[in-house]
Amino acid sequence: QWDEVTVNQYKRLQEIKPLSEDPSDTDKIDNNIRIIAALTSELEADIRSLEAKYVMVLIDKIKFTVEPAKASGKSKLKFKSIDKLTWDEYIRINQALEKPSYNFIPVLSAILEDKKIGVGELSIVDALDGFFLLQRKYKRLLQRSLLSTSLKLIYQVGKGLLSFKQIEHKQ
């Protein structure tokens with residue numbers, strides 16, 4: 001099941017080339033061997049040297065990989081509050097929220113409250129849950145923070161405390 005697959009294992013699975021539209025039985029078996037190797041960290045040659053009955057049991061256990069991993073909707077992860085983020089973390093969160101294809105794993109790693117948690121050892125389901133929580137939590141907070149900063153700048157310019165030249169110079 002996907003909740004038993006770690007992020008590191010999932011990354012290895014992502015490196016496996018997808019099968020062609022109409023794969024041969026040999027291609028399917030080879031692909032299953034690659035998947036087993038990715039999930040177990042065993043060499044493909046070692047898996048091929050097992051008795052067929054054991055390989056068939058392993059192939060049966062990886063049937064779940066036909067369906068994509070999905071979030072469960074219940075994240076156990078806790079993240080830093082927005083006011084404790086570094087500028088780099090803030091930018092990386094924005095990139096992850098803007099581009100679904102962005103690699104969100106380093107972002108999760110950077111903003112996890114508990115640094116003892118190794119993101120690579122999280123289940124892929126927990127990581128996906130964390131990413132969706134990140135989307136919900138930080139998107140609103142980032143928008144509010146940007147609006148607040150903009151309003152403060154407008155106020156300072158309006159009061160004459162800051163000029164547009166100073167703002168341009170700081171950038």
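Ala69 is in contact with Trp2, Tyr10, Ile124 and Leu128, leaving aside neighbours within four places in sequence. The model described here is predicted. Ala69 lies in the loop between H4 and H5. Ala69 counts as buried because its relative accessibility is 14%, under the cut-off of 20%. Along the chain, Ala69 and Trp2 are 67 residues apart, yet their C-alpha atoms are separated by 6.0 Å.

Trp2 has its own list of contacts. Not counting residues up to four places away in sequence, Trp2 touches Tyr10, Leu13, Phe64, Thr65, Glu67, Pro68, Ala69, Ser123, Ile124 and Val125.

**The nonpolar core**

Trp2 is also one of the residues with the most contacts inside the largest nonpolar core, together with Leu13, Ile111 and Ile124. This core has 34 residues. The elements that give two or more residues to the core are H1, H2, helix H4 (52-61), helix H5 (87-98), helix H6 (105-111) and helix H7 (124-158). H2 supplies the largest share of the core, 6 residues.

**Helix H1 and the segment before it**

The buried residues of H1 are Val7, Gln9 and Leu13. These residues lie on the same side of H1, because the arc they cover around the axis is only 155 degrees.

Thr6 lies in the segment before H1. With a relative accessible area of 15%, Thr6 is buried. Setting aside neighbours within four places in sequence, the contacts of Thr6 are Gly120, Glu121, Leu122, Ser123 and Ile124.

**The largest pocket**

The largest pocket has a volume of about 420 Å³. Its lining is made up of 20 residues, and those closest to the centre are Leu13, Asn31, Ile35, Thr65 and Val66. Helix H1 (7-14) and helix H2 (25-40) are the elements that give two or more residues to this lining. H2 gives the most, with 4 residues. By class, the lining has 12 nonpolar, 4 polar and 4 charged residues.

Asn31 lies in helix H2. Asn31 is buried, with a relative accessible area of 11%. Apart from neighbours within four places in sequence, Asn31 is in contact with Ile16, Lys17 and Leu19.

| Residue | Location | Relative accessible area |
|---|---|---|
| Thr6 | segment before H1 | 15% |
| Asn31 | helix H2 | 11% |
| Ala69 | loop between H4 and H5 | 14% |

**The chain as a whole**

The protein chain has 8 helices and 0 strands. From the N terminus on, its elements run α-α-α-α-α-α-α-α. Of its 171 residues, 32% count as buried. Among the contacts in the chain with a separation of 6 or more, 65% are between residues 24 or more positions apart.

Terms used: Residues are numbered from 1 along each chain as its sequence is written. This is a predicted model: local features need pLDDT of at least 70, side-chain atom pairs count only at pLDDT 80 or more; totals for chains, interfaces and linings use all residues. Side-chain values use heavy atoms; hydrogens and water are left out. On a 1 Å grid over the protein atoms alone, a cavity is a set of points where a 1.4 Å probe fits but cannot get out, and a pocket is an open set with protein on both sides within 12 Å along at least five of seven lines; lining residues have an atom within 4 Å of a point. Grid points are joined across faces, edges and corners, and a volume is the space filled by probe spheres set on the points. Ala, Val, Leu, Ile, Met, Phe, Trp, Tyr, Cys and Pro count as nonpolar, Asp, Glu, Lys and Arg as charged, and the others, Gly among them, as polar. Buried means under 20% relative accessible area, exposed over 50%, partly exposed in between (1.4 Å probe, protein chains only). The arc is that of the directions from the helix axis to the C-beta atoms. A nonpolar core is a set of buried Ala, Val, Leu, Ile, Met, Phe, Trp, Tyr and Cys residues joined through side-chain atoms within 4.5 Å. Contact means heavy atoms within 4.5 Å.
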